[in-house]
Amino acid sequence: MGIVAGLDSSLDSTRIVVCDTDTGAVIREGYAAHHTAPEPDGGKPTRADPQAWLMGFGEAAGGGLLEGVQAIGVSAQQQGVVPLDHHGNAVCPALVGNDPREQGAATDLIDALGGRYAWAQAVGCVPEAGRAVTKLRQLARTEPAAAERVAAVAQPHDWLTWQLLGRPARRTTDRGDASGTGYWSAADGSWRPDLVELALGHQAGLPEVLAPAEAAGRTPEGLLISAGTGETMAAAFGLGISDGDAVVSLGASGSVSAIHHSALADPTGTITSFADATGRHLPVVRTQNAVRALRGTAELLGVDLPGLSELALRSTPGAHGLVLLPYLDGERTPELPHTAGTLAGLRRESMKPEHLARAAFEGMLCGLADALGVLRARGVQVRRVFLLGSAAGLPAVTRLAPALFGARVVVPEAADYTTLGAARQAAWALGVHDGRLGAYDPPVWPAAAGEVHDPGEDVAVGQAVHQQYAAVRDERHPGAFAATSGQTAT
């Protein structure tokens with residue numbers, strides 16, 4: 001019996017929850033905004049002062065929030081790296097966010113190692129903008145003097161943990177966050193320092209990778225700090241997903257992840273082979289377009305998203321033959337970075353607002369069903385799908401998704417699952433330290449509650465809608481999905 005805390009430091013803010021170790025019930029919460037300046041073009045920041053993360057922690061933890069807390073877990077943004085000099089000071093502001101200017105550096109790295117297949121085999125992922133290995137390459141290209149001073153590299157969660165511990169000689173991370181760097185292999189469970197050298201031009205110190213239930217140490221005040229992890233892994237742990245579960249995230253772009261027993265090396269680079277926060281694996285497939293397709297259609301029809309949902313439900317499955325390939329910003333699954341969207345099946349009877357609205361929802365969900373199909377084709381079992389994001393609760397989504405995904409769909413209650421996952425990890429480390437829990441037995445907290453939607457007898461209807469979508473996809477982009485997914489086109 002006791003209380004623990006979970007911290008999430010994102011690009012924009014710090015959030016803290018304080019939970020009961022036995023039940024996971026939230027007792028207190030704290031929040032602080034990070035005051036970072038946008039890019040000159042108005043985009044999200046690509047540099048950040050890491051001291052702002054410490055200040056955010058101090059502000060969010062103010063007012064006695066951590067009183068009585070015995071352990072804390074730290075999660076943080078994964079698209080970030082803090083280059084450190086020999087004294088442990090930042091060589092330059094932390095490199096954060098998904099900076100499109102890094103794509104040239106990613107291409108350099110892919111070519112330098114011998115292609116996408118070589119990277120997938122080496123570390124389970126292919127360099128892209130936002131990944132730590134790419135940021136190091138970009139630093140070496142654009143600021144060589146700063147790159148030469150880099151003696152060690154850390155990710156935001158590593159750096160925060162190290163600072164809270166009082167900057168000890170040992171720096172640590174966990175396998176989940178390490179798996180997103182581009183220089184740690186989820187399959188082998190080891191660093192690839194040669195890839196750091198390939199990116200940076202020389203070797204640099206890397207943190208020790210802790211086991212999921214292992215503690216990083218104690219703060220000078222005696223607070224136990226768990227291994228910590230990245231935001232994606234913390235959210236999955238907070239949701240309580242297990243074998244047979246997948247998470248579909250509906251942002252402007254989309255992502256599909258699922259628990260699996262082994263790392264999936266994917267020569268196409270479609271699957272990113274993350275490790276999770278429990279000792280298993282968390283393969284991820286992303287789509288470039290999700291809710292942005294809904295917003296674009298809503299703007300065209302002069303409605304908001306709830307209005308678009310209402311329109312879509314006036315139509316029927318298949319939208320009278322209207323099919324939208326929602327590749328509005330190019331696409332990642334299938335790999336079509338320079339393509340555009342397609343609206344097919346226009347006939348006089350299909351040219352109605354409700355059919356276009358239905359085609360937008362079906363197109364978005366079929367694109368995500370393609371991503372689920374990539375994982376299923378590699379042996380990942382998907383029987384239940386947790387649907388996240390502001391659009392997840394739209395009636396058109398909850399009505400259509402179960403049949404198109406071929407699985408039960410859960411729309412969890414609104415909660416900060418990332419901080420809950422960090423707190424659950426802290427409870428695990430505390431339990432192991434006290435002898436109450438085993439190193440392979442995380443605390444049993446209630447799984448995320450929410451609305452449950454079953455496909456019922458609509459699976460065949462969903463399959464027919466997806467076949468209609470796939471026929472247009474393969475006619476418009478022959479072989480693209482088969483090449484991306486490594487499977488025969490639907």
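Strand 4 and strand 7 (residues 94–96) run antiparallel and are joined by 2 bridges, and R47 has L95 of strand 7 as its bridge partner. Here helices (H or I, at least four residues) and strands (E, at least two) are DSSP runs numbered from the N terminus, and two strands pair if DSSP finds at least two bridges between them. The model is predicted, so local features need pLDDT of at least 70 and side-chain atom pairs count only at pLDDT 80 or more, while totals for chains, interfaces and linings use all residues. Residues are numbered from 1 along each chain as its sequence is written, and side-chain values use heavy atoms, with hydrogens and water left out.

**The sheet and its helix**

The open sheet consists of 4 strands in the order 4-7-6-8, with antiparallel pairing. Strand 4 (47–48) and strand 8 (152–154) stand at the edges with a single partner strand each, so one side of each has no neighbour in the sheet. Helix 4 (residues 132–142) packs on this sheet, where it touches strand 4, strand 6 (80–84), strand 7 and strand 8, and its direction makes about 50° with that of strand 6. In general, the strands of a sheet pair through backbone hydrogen bonds, either parallel or antiparallel.

Buried means under 20% relative accessible area, exposed means over 50%, and partly exposed lies in between (1.4 Å probe, protein chains only).

| Residue | Relative accessibility | C-alpha to C-alpha distance |
|---|---|---|
| A129 | 11%, buried | 30 Å to E475 |
| R131 | 5%, buried | 20 Å to E148 |

Contact means heavy atoms within 4.5 Å. Not counting residues up to four places away in sequence, A129 touches Q79, N98, D99, P100, E102, Q103, A106 and T134. With neighbours within four places in sequence left aside, R131 is in contact with residues including G180, T181, G182, T272 and F274.

**Two helices side by side**

The axes of helix 10 (residues 291–301) and helix 12 (residues 353–377) come within 9 Å and cross at roughly 170°, which makes helix 10 roughly antiparallel to helix 12. Axes are lines fitted to C-alpha atoms, for helices over the stretch in contact, with angles from 0 to 180 degrees between N-to-C directions; angles under 35 degrees count as roughly parallel, over 145 as roughly antiparallel, 65 to 115 as roughly perpendicular and the rest as oblique. Helix 10 contributes V291, L294, T297, L300 and L301 to the contact, and helix 12 contributes P353, L356, A357, A360, F361 and M364.

**Covered helices and an aromatic pair**

Helix 6 (residues 156–164) is mostly covered, with 9 of its 9 residues buried, and helix 6 is followed by G166, whose phi is positive, near 90°. In helix 13 (residues 395–405), 9 of the 11 residues are buried, so helix 13 is largely enclosed by the rest of the structure. Just after helix 13, G406 takes a positive phi of about 65°.

A search of the whole structure finds 3 aromatic pairs, among them the tilted pair of F237 and W428, at 6.0 Å centre to centre with 40° between the planes. This pair links distant parts of the chain, with F237 in helix 9 (residues 231–239) and W428 in helix 14 (residues 417–434), 191 residues apart. Rings of Phe, Tyr and Trp (its six-membered ring) pair if their centres lie within 6.5 Å, and planes under 30 degrees apart count as stacked, over 60 as edge-to-face and the rest as tilted. Both F237 and W428 are buried.
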